[in-house]
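Dear colleague,

I am passing on a structure that you have not worked with before, and I would be glad if you looked through it alongside the notes that follow.

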Amino acid sequence: MKKIKGSCLCKSISFEIINECRYSILCHCTMCQKSNAEFSNYTKVQNNNFKFLSKKGLKWFLSSKKFKRGFCNNCGSSLFFQSRQFNHEIAVSTGSLNSKVPVKGHIYYKDKKSNLSFSNKHKKFMKSANGFFDNLIYKIK
Ligand SMILES: [Zn+2]
C-alpha cells in the first residue's frame, strides 16, 4: 500500500496517509502565522485515507467557531486543522510528513507577511479558495 508517514517532533503523535491526499496549499492567514510560521503548508486527507498510529498527547485548540487546530501536548508541534462540524477530512501540516506533497497554490495571500516572492507557477487566492483545491488529488507514489 502506498503511504506517507508523519509525526510530531517528539513522535508521541504519529500517523499515516494512505493512497492519496490533496495537493498542498500555502496558507498565509493571520491565524496560521500565530500558530505555525509566516505561512503554513497543509494537505487535506479524507478520513478513510488517514490513520493515527499513536495520538498520545494530541490536544485540540478551538481556534474559531468553525475550526480547531491539533497539536502535541509534549513537544508543541502544530500538526492538524479540522472543521468542528464536519470531520470527514483532516488537514495535515506537510512539515510533519516524511515525504513531499507538491504545492498547488496559496490562500489568504492578502495577509502574506513573508517577504519571500513566489512565482506565478502556483495559483494565488486572496482569501479562501472556495473548494478550488478539493479535487486536486495527489496519488501517493
Ligand atoms: Zn510531540
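Leaving aside the neighbours within four places in sequence, Ile25 is in contact with Tyr42, Val103, Lys104, Gly105, His106, Ile107 and Phe133, and please bear in mind throughout that this is a predicted model. Ile25 also belongs to the largest nonpolar core, which has 26 residues, and it is listed there with Cys27, Tyr42, Leu79, Phe80, Ala91 and Val92 as the members that touch the most others. The elements that contribute two or more residues to this core are β2 (13–18), β4 (24–27), β5 (40–46), β8 (67–72), β9 (78–83) and β10 (89–93).

As for the chain as a whole, its secondary structure amounts to one helix and 13 strands, and in sequence order these follow the pattern β-β-β-β-α-β-β-β-β-β-β-β-β-β. The C-alpha trace spans about 40 × 30 × 30 Å along its principal axes, and the radius of gyration of 14 Å agrees with the value near 14 Å that a compact globule of 141 residues would have. Buried residues account for 29% of the 141 residues, while 58% of the contacts between residues at least 6 apart in sequence join residues at least 24 apart.

Two residues deserve a separate word on their backbone angles. Asn19, in the loop between β2 and β3 (20–22), has a positive phi near 70° although it is not a glycine, and it is partly exposed, because 15 other C-beta atoms lie within 10 Å. Asn130, in the loop between β12 (123–124) and β13 (137–139), likewise has a positive phi, of about 45°, without being a glycine, and with 9 other C-beta atoms within 10 Å it is exposed.

With kind regards

Conventions
Residues are numbered from 1 along each chain as its sequence is written. This is a predicted model: local features need pLDDT of at least 70, side-chain atom pairs count only at pLDDT 80 or more; totals for chains, interfaces and linings use all residues. A nonpolar core is a set of buried Ala, Val, Leu, Ile, Met, Phe, Trp, Tyr and Cys residues joined through C-beta atoms within 7 Å. A residue is buried if 20 or more other C-beta atoms lie within 10 Å of its own, exposed if 12 or fewer, and partly exposed in between; C-beta atoms are placed from the backbone. Helices (H or I, at least four residues) and strands (E, at least two) are DSSP runs, numbered from the N terminus. Two residues are in contact if their C-beta atoms, placed from the backbone, lie within 7 Å. The radius of gyration is taken over C-alpha atoms; the globule rule is 2.2 Å times the number of residues to the power 0.38.
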